[in-house]
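Take a look at the model first, then we'll go through the details.

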Amino acid sequence: MARRYGQHQTEVQVDADWATLDVIVHWTLDSDDHQDLVTIDKITVGEKDLYEGWNEDYFYNIINDEVLAGADYHWTDHGD
């Protein structure tokens, strides 16, 4: 992830009893004085926004554990 703060998209496969869906999680990374803040903006399948009804904790865990923990971070990502 070259740009640490701002808007991002992460592709995730979600398994259900009846299907496996390829979804895209659209999320924003901001920070306050003490911590990084992740906000999920929408969850899409194709062009359809299916944000409601998901277990958001599942997606927050993927973003925090797999995306941010393994981020290609460099101090210059904060700007000047």
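Which residues does isoleucine 63 touch, not counting residues up to four places away in sequence? The list is Val25, Trp27, Val38, Ile40 and Leu68, where contact means heavy atoms within 4.5 Å.

Some ground rules before going on. This is a predicted model, where local features need pLDDT of at least 70, side-chain atom pairs count only at pLDDT 80 or more, and totals for chains, interfaces and linings use all residues. Residues are numbered from 1 along each chain as its sequence is written, and side-chain values use heavy atoms, with hydrogens and water left out.

**The overall layout**

Helices (H or I, at least four residues) and strands (E, at least two) are DSSP runs, numbered from the N terminus. The four strands make an open sheet ordered E1-E2-E3-E4, with antiparallel pairing; two strands pair if DSSP finds at least two bridges between them. At the edges sit E1 and strand E4 (48–49), each pairing on one side only.

E1 and E2 form a hairpin with four residues between them, and their antiparallel pairing runs over ten bridges. Within that pairing, valine 12 has valine 23 in E2 as its bridge partner, while glutamine 9 stands opposite histidine 26 in E2. As for the helix, H1 lies across E1, E2 and E3 and runs at about 115° to E3. That angle is taken between N-to-C directions on a scale from 0 to 180 degrees, using axes that are lines fitted to C-alpha atoms, for helices over the stretch in contact.

Of the 80 residues in the protein chain, 25% count as buried. Buried means under 20% relative accessible area, exposed over 50%, and partly exposed in between (1.4 Å probe, protein chains only). The chain's accessible surface is about 5,900 Å², with 43% of it belonging to carbon and sulfur atoms; areas come from the Shrake-Rupley method with a 1.4 Å probe, and for residues only the protein chains shown count as cover. Looking at contacts between residues at least 6 apart in sequence, 32% join residues at least 24 apart.

**The core**

In soluble globular proteins, nonpolar side chains tend to be buried together. Here the largest nonpolar core has 14 residues, and those with the most contacts inside it are Val12, Val25, Trp27, Phe59 and Ile63. A nonpolar core is a set of buried Ala, Val, Leu, Ile, Met, Phe, Trp, Tyr and Cys residues joined through side-chain atoms within 4.5 Å. The elements giving two or more residues to this core are E1, strand E2 (20–31), strand E3 (36–45) and helix H1 (56–68). H1 gives the most, with five residues.

| Residue | Relative accessibility |
|---|---|
| Threonine 10 | 12% |
| Threonine 44 | 7% |
| Leucine 29 | 0% |
| Glutamate 47 | 83% |

Is threonine 10 buried or exposed? Threonine 10 is buried because its relative accessible area is 12%. Its place is in strand E1 (residues 6–15), and its side chain makes a polar contact of 2.8 Å with that of tryptophan 27. A polar contact is a pair of N or O atoms within 3.5 Å; within protein, one must be able to donate a hydrogen and the other to accept it, and residues adjacent in sequence count only if both atoms are side-chain atoms. Leaving aside neighbours within four places in sequence, threonine 10 is in contact with Val23, Ile24, Val25, Trp27 and Val67.

Threonine 44 is in strand E3, and its side chain has a polar contact of 2.9 Å with that of histidine 26. Beyond residues up to four places away in sequence, threonine 44 touches several others, including Asp22, Asp49 and Leu50.

Leucine 29 belongs to strand E2.

Glutamate 47 is in the loop between E3 and E4 and counts as exposed because its relative accessibility is 83%. The C-alpha atoms of glutamate 47 and isoleucine 24 are separated by 9.9 Å, and the two are 23 residues apart along the chain.
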